[in-house]
Structure formats: structure tokens, C-alpha cells
Amino acid sequence: LSGSSRVRNPVFLYEMRQLGDPQLRRDLATALQLRDDAALAQAVPRSNPDYVVLKTAKQQRRRDKFKIRICDDAYRPLRAALMETARLSSEWIRSEFMVQPDVTVSSPQRFEELLMDWMVDPCEAAG
């Protein structure tokens with residue numbers, strides 16, 4: 001967003017790790033002015049959709065073929081590029097985007113803490 005730009009539509013912002021947090025559901029219900037639990041259930045899932053339980057071992061083996069060990073030295077250049085994007089994104093979201101008047105952030109303090117994680121390479125933090 002440039003200095004003269006602003007969000008033209010209301011935005012509800014959360015970090016994926018907040019999906020299991022009951023506060024997210026309350027904040028979203030407030031932002032959308034929902035009073036019906038069924039409508040809220042459609043608006044936000046109760047858990048992270050990336051953690052899907054596969055039905056068969058064959059499906060899991062097929063998925064596993066595409067996995068990489070991102071912390072391996074062979075992927076250091078890729079990880080560096082990803083981390084640069086993550087850091088820039090974290091800074092921009094915190095300093096420019098989430099402060100816009102039409103942006104509602106679920107649990108702003110927790111959201112900012114989670115975005116600070118984007119500044120740290122998890123491979124270096126673990127090692």
C-alpha cells in the first residue's frame with residue numbers, strides 16, 4: 001500500500017496457527033456480525049486444513065514422495081529466498097497493512113508474535 005492507498009473492503013486478518021484458537025472464532029463472528037453458529041462454522045474451519053489425515057498408507061506414500069528436508073544444505077539458497085520473502089512480508093503486514101482502518105486483526109498481540117516468527121529461519125533456530 002502506498003501512502004495514499006487504503007484498503008477498500010473490510011479485511012479480517014489472522015495467521016494460520018490461530019485457526020484452532022477459540023478467540024479467532026469470536027473475533028470473526030464480531031467482525032461479520034454473525035450470531036448463528038452454523039454461519040460461523042462455514043466462515044472459519046475449526047482446525048488447520050493442512051493437517052489432513054489420509055485414509056490409506058498408499059496416499060501417504062504418494063504425498064511423502066514430494067517432501068523435502070528444507071533444512072538440508074542443498075536447499076540453503078531456496079530457504080534464503082523464502083526467508084527474505086517471509087521477513088519482508090512480516091514487516092509490511094505489521095507496519096503497513098494491519099494498521100489500515102478497514103483491517104480487523106484477530107488477537108492483534110498474538111498475531112504480531114506469530115508474525116515475528118516469520119523473521120527467524122526455523123532451521124537456524126533449531127540448530
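Predicted model: local features only at pLDDT ≥ 70, side-chain atom pairs only at ≥ 80, totals over all residues.
## A tour by selection

Start by selecting Cys71, which is partly exposed with a relative accessible area of 43%.

Residues are numbered from 1 along each chain as its sequence is written, and side-chain values use heavy atoms, with hydrogens and water left out.

**Stop 1: the disulfide**

What joins Cys71 to Cys123? The link is a disulfide, with the two sulfur atoms 1.9 Å apart; the term covers a pair of cysteine sulfur atoms within 2.5 Å. By that rule the count is 1 disulfide. Cys71 sits in the loop between α3 (57–64) and α4, and Cys123 in helix α6 (residues 122–126), so that the pair links distant parts of the chain, 52 residues apart. Helices (H or I, at least four residues) and strands (E, at least two) are DSSP runs, numbered from the N terminus. Look along the S-S bond: at -80° about that bond, the link of Cys71 and Cys123 is left-handed.

**Stop 2: Arg79**

Now select Arg79, in helix α4 (residues 76–97). Is Arg79 buried or exposed? Arg79 counts as buried because its relative accessibility is 6%. Follow its side chain to the backbone oxygen of Ile70, which it reaches at 3.0 Å. This is the kind of pair called a polar contact: N or O atoms within 3.5 Å, where, within protein, one must be able to donate a hydrogen and the other to accept it, and residues adjacent in sequence count only if both atoms are side-chain atoms.

Show the surroundings of Arg79 next. Leaving aside neighbours within four places in sequence, Arg79 is in contact (heavy atoms within 4.5 Å) with Ile70, Cys71, Asp72, Asp121 and Cys123. Both cysteines of the disulfide from the previous stop, Cys71 and Cys123, are among them.

**Stop 3: the charged pairs**

Side chains of opposite charge can pair when their charged atoms come close. A salt bridge is counted when a side-chain nitrogen of Lys or Arg is within 4 Å of a carboxyl oxygen of Asp or Glu, and the structure holds 6 of them.

Select Glu15, Arg17 and Asp117, which are linked in a network of salt bridges. Arg17 meets Glu15 at 2.8 Å, N to O. Glu15 is buried, at 7%, whereas Arg17 is partly exposed, at 44%. Asp117 also forms a salt bridge with Arg17, with the closest N and O atoms 2.8 Å apart. Because Asp117 lies in helix α5 (residues 108–117) and Arg17 in the loop between β1 (11–13) and α1 (22–32), this pair ties together parts that are 100 residues apart in sequence. Asp117 counts as partly exposed, at 40%.

Stay in helix α5 and pick Arg110 and Glu113. Their side chains form a salt bridge at 3.5 Å, N to O. The two are 3 residues apart in the helix, which means about one helical turn separates them. Arg110 is partly exposed at 40%, and so is Glu113 at 39%.

**Stop 4: the aromatic rings**

How many aromatic pairs does a search of the whole structure find? There are 2. Phe12 and Tyr14 have ring centres 6.2 Å apart and planes at 45°, so this pair is tilted. Rings of Phe, Tyr and Trp (its six-membered ring) pair if their centres lie within 6.5 Å; planes under 30 degrees apart count as stacked, over 60 as edge-to-face and the rest as tilted. Phe12 counts as buried, at 19%, and Tyr14 as partly exposed, at 31%. Trp92 and Phe97 are stacked, with 5.3 Å centre to centre and 20° between the planes. Trp92 is partly exposed, at 35%, while Phe97 is buried, at 16%.

**Last stop: the whole chain**

Clear your selection and zoom out. The chain has 6 helices and 2 strands, in the pattern β-α-α-α-α-β-α-α along the sequence. Of its 127 residues, 25% count as buried.

Terms used: Buried < 20%, exposed > 50% of the residue type's maximum accessible area, 1.4 Å probe, protein only.
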